[in-house]
Amino acid sequence: MLELEQARELLLEMGIKTAADLLDAHLETAVKEETTYLTFLTGLLNCEKEERKRRSEETRIKLSRLPHHKTIQEFDFSFQPSIDPRQIKELSTLAFAARKENVILLGPPGVGKTHLSVALSIEALRGGMTVYYTTLPRLIADMKKAIMADKLERKLKTFLRPDILVIDEVGYMQLDRQAAEILFRIVSSRYETGSIILTSNKHFAGWGELMSDPVIATAMLDRLLHHAHVINIRGETYRLRGRAKAGFVSVPPAVINPALS
Ligand code: ADP
Ligand code: MG
């Protein structure tokens with residue numbers, strides 16, 4: 001008994017907590033089933049490893065600040081024929097993230113840009129990567145606040161450290177000069193060192209105006225698009241599916257959201 005306590009203490013001391021918790025039960029099973037020392041040890045260590053993996057995933061999911069946890073399996077490709085399911089499947093292997101490439105999802109509201117960004121992020125988190133999700137307005141607000149508080153370098157790490165940075169909703173907010181410089185700094189710092197998944201309702205041609213500075217916009221797009229998978233989604237909003245059938249008049253997304261045109 002004393003020896004069991006000592007073994008448990010040693011495990012705890014070395015931070016092998018799950019094995020410490022399970023030691024008693026595994027010993028009992030080993031005695032009952034007359035397993036070999038090696039089988040006992042492997043079983044105990046496997047439990048420790050699995051629990052660590054689970055906890056790490058849980059922590060990474062929490063830190064990613066994803067708005068929801070929708071998956072690729074939940075995406076109905078038949079509703080959005082402009083998306084090639086093979087391309088999404090290829091992206092979900094995460095080879096793009098290993099190669100530090102970017103994914104750009106373009107299209108009107110409601111066509112699944114956020115859904116697919118989150119779904120790819122979930123795959124990455126399951127694969128052991130780190131992800132940070134933000135919208136462009138939030139990224140700019142966070143960075144401006146950090147600059148005011150003289151904490152710029154610390155805040156920058158939030159956006160530069162993760163394997164994948166998701167910048168959602170580019171295009172709804174007009175950027176002033178400082179905001180454009182902030183976005184440029186983040187995109188160029190991540191260039192060839194970390195992936196960006198970016199969504200926008202505006203095509204690249206409108207980004208000069210969006211960023212109030214065509215020179216910064218061009219320089220930024222140059223880096224963003226150098227190694228990028230661009231997915232152009234043309235289609236109906238999923239939010240209003242079935243409305244036409246139910247007798248509602250179909251309204252083009254551009255009318256619903258003037259930012260589109
Ligand atoms: P966007 O970011 O392009 O505006 P979202 O990804 O937020 O659109 O999609 C709007 C809603 O419709 C979400 O609840 C999303 O899960 C759902 N959705 C969009 N497209 C599909 C699809 N093809 N299959 C299943 N759900 C979809
Ligand atoms: Mg969205």
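The centres of domain 1 and domain 2, taken over C-alpha atoms, are separated by 43 Å in this predicted model. Domain 1 covers residues 2–57 and domain 2 covers residues 72–244, with bounds that come from an automatic or database domain assignment. Residues are numbered from 1 along each chain as its sequence is written, and chains are lettered from A and ligands numbered from 1 in the order in which they are written. Local features need pLDDT of at least 70 and side-chain atom pairs count only at pLDDT 80 or more, while totals for chains, interfaces and linings use all residues, and side-chain values use heavy atoms, with hydrogens and water left out.

Leaving aside neighbours within four places in sequence, Trp207 is in contact (heavy atoms within 4.5 Å) with Val170, Leu198, Ser200, Lys202, Ala217, Met220, Leu221 and Leu224. Thr199, in strand S4, counts as buried because its relative accessibility is 1%, where buried means under 20% relative accessible area, exposed over 50% and partly exposed in between (1.4 Å probe, protein chains only). Beyond its neighbours within four places in sequence, Thr199 is in contact with Leu105, Lys113, Ser117, Ile167, Asp168, Glu169 and Val170.

One of these partners, Glu169, has its place in strand S3 and counts as partly exposed at 34% relative accessibility. Most residues other than glycine have a negative phi, whereas Glu169 has a positive phi of about 60 degrees.

On a 1 Å grid over the protein atoms alone, a pocket is an open set of points with protein on both sides within 12 Å along at least five of seven lines, a cavity is a set where a 1.4 Å probe fits but cannot get out, and lining residues have an atom within 4 Å of a point; grid points are joined across faces, edges and corners, and a volume is the space filled by probe spheres set on the points. Of the 20 residues that line the largest pocket, the closest to its centre are Gly110, Gly112, Lys113, His115 and Arg239. H6 (113–126) and S3 each supply at least two residues of this lining, and H6 gives the most, with three.

The largest cavity has a volume of about 40 Å³ and is lined by Lys100, Asn102, Arg190, Tyr191, Glu192, Gly194, Arg223 and His227. Tyr191 lies in the loop between H9 and S4 and counts as partly exposed at 26% relative accessibility. Leaving aside neighbours within four places in sequence, Tyr191 is in contact with Arg223, His226 and His227. Glu192 lies in the loop between H9 and S4, is partly exposed with a relative accessible area of 43%, and has a positive phi near 60 degrees.

How values were computed:
Helices (H or I, at least four residues) and strands (E, at least two) are DSSP runs, numbered from the N terminus.
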